[in-house]
Amino acid sequence: MYQIVPVAPWDQQTVGRAGGSPLKKKLANEGRPMAMAGMLGCALVLAAVVAWCYYSASLHKAQLLKTELLNLNKDGFIIHNQAGAVIFTMTFRSGTLNLDSCSKEGNILSCTQSDSGKLNFFIEPVQPKGTVMCYRVRWEELQNKRTVEHAMAYNDSHWYGGAETATQYWPIRIQGEEEPRPFITSDIYANRNGFGGILERYWLSSNATAIKINDSVPFHLGWSEKNRTLRFQAQYRDSPFKPPEGQQALPELSYRVCVGSDVTSIHKYMVRRYFPKPIKVPSPEVFKYPVWSTWAFHKTAITQEKLLQYSSEITKHGFTCSHLDLDDRYTADYGEFDFDPQKFPNVSGMFDKLKEDRFQVSLWTHPFINYDSINFGVAVEKGLFVREPSGELPALVRWWNGIGGILDFTNPEAREWYSSHLRMLKTRYAVTSFKFDAGETSYLPRQFSTLVPLSDPSTFTRRYTEMAIPFNERAELRVGYQSQNISCFFRIIDRDSVWGYELGLKSIIPTVLTVSILGYQFVLPDVIGGNAYPNRTAGGYDGKSSLPDRELYIRWLELSAFMPAMQFSIPPWAYDNEVVQIAQKFTELHKTLVAPRVLELASEVVDTGDPIIRPLWWIANDDEAAYKIDSQFLIGDDLMVAPVLEPGKQERDIYLPAGRWRSYKGEHFDKGPIYLTDYPVDLDEVAFFTWVH
């Protein structure tokens, strides 16, 4: 502090005189440091005032950039839970916000400038119900046609959802560094690094957070193992996405992040809010009795004689059948809708015999017409094909059975032409339904045009799935995008006859759990034992066809018995009588134990969209161990299944969440959670446990 020294009254006369008294000189000498001190004091006061103003402005800016439990900065945003822990982190990778351009109106944060120009950015909190809080986020470029990219951190949590993949893990594993690529449906049997035929722009976290990317986004997905992030990108450049007609190719990345009290409740909210629901339950017969397919056993060598022999053997060995699936190839050429007279000389007689033996028959179908089919010229003349970008010529595509055109399902005339041929088959031969194969956008040309322009190529997949609606009682699809309301069975992509996670036995539970989380509950887990493709089969060679390993086949059969539906192709009698007996045991168990519970849950799906096949965390969302288990699952909340998935094993470790459980052997386990290590499971057994209320 500084001090003011007053001038004495008797000295006032001397003020201003030259020279001065000794007292005056003394005071002058003493005043110099005092003046200096005064100036310093003023500077300190000024600095304090400036600091306070800066602090107040910073405090105001901090409050400005906060809404509910979300904090925004120039590089991204974080979301806290009620306890203050960070549960969600998003980083802006393609640009930073100019915070001076940001404002807050009510609870909505908005900014108009980034480091590269004008944009429309906002975050709007929405509290739709109870414990759920959602944040709408939008970053829309207004000047630059570059990419917009945000990176979502894992935050030491477990994530689920996205897409069916060839190597499927539960929870998702980030492996390697992957640049963002179009998030569209593809055939992951042919392209093992692609995103699968069933996908949705939805991810769910054990932190009770979920994110749904908006439909309007030209969405690309990448990831970084090093940074432990998923990379969400919007771009039109070098992309199959197109801006809506009449709009500039200015990318927009928009999504909704929702936070809840636990992972199960937040998922239930997201499903009810964002996913369409099935409008009905498929035929109960498909849930109760196995589907028998000709594909894996006969491949394209199927004939009338072989089909009748196959059906006869099913009956002879005492098995039931919901329907018999006549697969590729019963037509002379691909793209035709009648039987090859060389292979099927008496089709009417064949169907009469099958009907007499109480077999219903579904037929394989697909969206392609090969160039050597008689229907190719018809489709060209009528303009039914997807076209080259100019729209003048049909686009030729290559698929696994040749080269041809692919029908344009945005074209009402193409839809009606295709449907009319299916109806004709159904009427002429009393065909019960169809197996709709393919439908992935990976079979479209990279550049193409359709009658109704597609901003998102995966909309083509959605249009194809709609073709199954008239036949949905027993129809089968292998693709789905915004197709949860197509009330039929969705088959996971062809499995190889191997044990592992790459399209093998171990991949089935993670894949079924993933597509269930994406809203597809009527799941067909492909044929028992896999497809016995050459060079992709664990097992021997019987002189006619490669058979999967016997133990693999049995363990696959046992797992399938606890899925919503069972599907045979390679028959049990291709092995030996013991395998036949095990198959009879588990088809009966499926009918008596599993199917009634699944049908009960299926009726609830229409209203709730909740999974039939559930992860363990569904009933144990405060249990860290439950989030990582990928070899057990629940049917509903009260039937837990733990199949053996390793070769040469007749025991396995089993995790029982908290609660009272009774084993299939009659044992009671009242304390939990608990690990049962090396729990014995014979070759003809599956370990399963029921919740004791």
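This is a predicted model: local features need pLDDT of at least 70, side-chain atom pairs count only at pLDDT 80 or more; totals for chains, interfaces and linings use all residues.
1. The largest pocket holds about 550 Å³ of space, and its lining is made up of 24 residues. Those that lie nearest the centre of the pocket are Thr165, Thr167, Ile172, Arg173 and Trp223.

2. As to which elements build this lining, two or more residues come from each of β10 (159-163), β11 (177-182) and β14 (219-224). Strand β10 gives the most to the lining of the largest pocket, its share being three residues. By residue class, the lining divides into eleven nonpolar, eight polar and five charged residues.

3. Ser157 belongs to the loop that runs between β9 (148-153) and β10. With a relative accessible area of 4%, Ser157 falls under the 20% cut-off and is therefore counted as buried.

4. The structure contains two disulfides, and, with the bonded cysteines counted along the chain, their pattern is 1-2, 3-4. In one of them Cys102 is joined to Cys111, with an S to S distance of 2.1 Å. The torsion about the S-S bond of this pair is about 100°, and the disulfide is therefore right-handed. Both Cys102 and Cys111 are buried.

5. The other disulfide joins Cys134 to Cys258 at an S to S distance of 2.0 Å, and this link is also right-handed, with 110° about the S-S bond. The pair connects distant parts of the chain, since Cys134 sits in strand β8 (residues 132-141) and Cys258 in strand β16 (residues 252-259), 124 residues apart. Cys134 and Cys258 are both buried.

6. Cys321 has a relative accessible area of 18% and, because buried means under 20%, it is classed as buried. Cys488, for which the relative accessible area is 0%, is likewise buried.

Note on methods
Residues are numbered from 1 along each chain as its sequence is written. Side-chain values use heavy atoms; hydrogens and water are left out. On a 1 Å grid over the protein atoms alone, a cavity is a set of points where a 1.4 Å probe fits but cannot get out, and a pocket is an open set with protein on both sides within 12 Å along at least five of seven lines; lining residues have an atom within 4 Å of a point. Grid points are joined across faces, edges and corners, and a volume is the space filled by probe spheres set on the points. Helices (H or I, at least four residues) and strands (E, at least two) are DSSP runs, numbered from the N terminus. Ala, Val, Leu, Ile, Met, Phe, Trp, Tyr, Cys and Pro count as nonpolar, Asp, Glu, Lys and Arg as charged, and the others, Gly among them, as polar. Buried means under 20% relative accessible area, exposed over 50%, partly exposed in between (1.4 Å probe, protein chains only). A disulfide is a pair of cysteine sulfur atoms within 2.5 Å.
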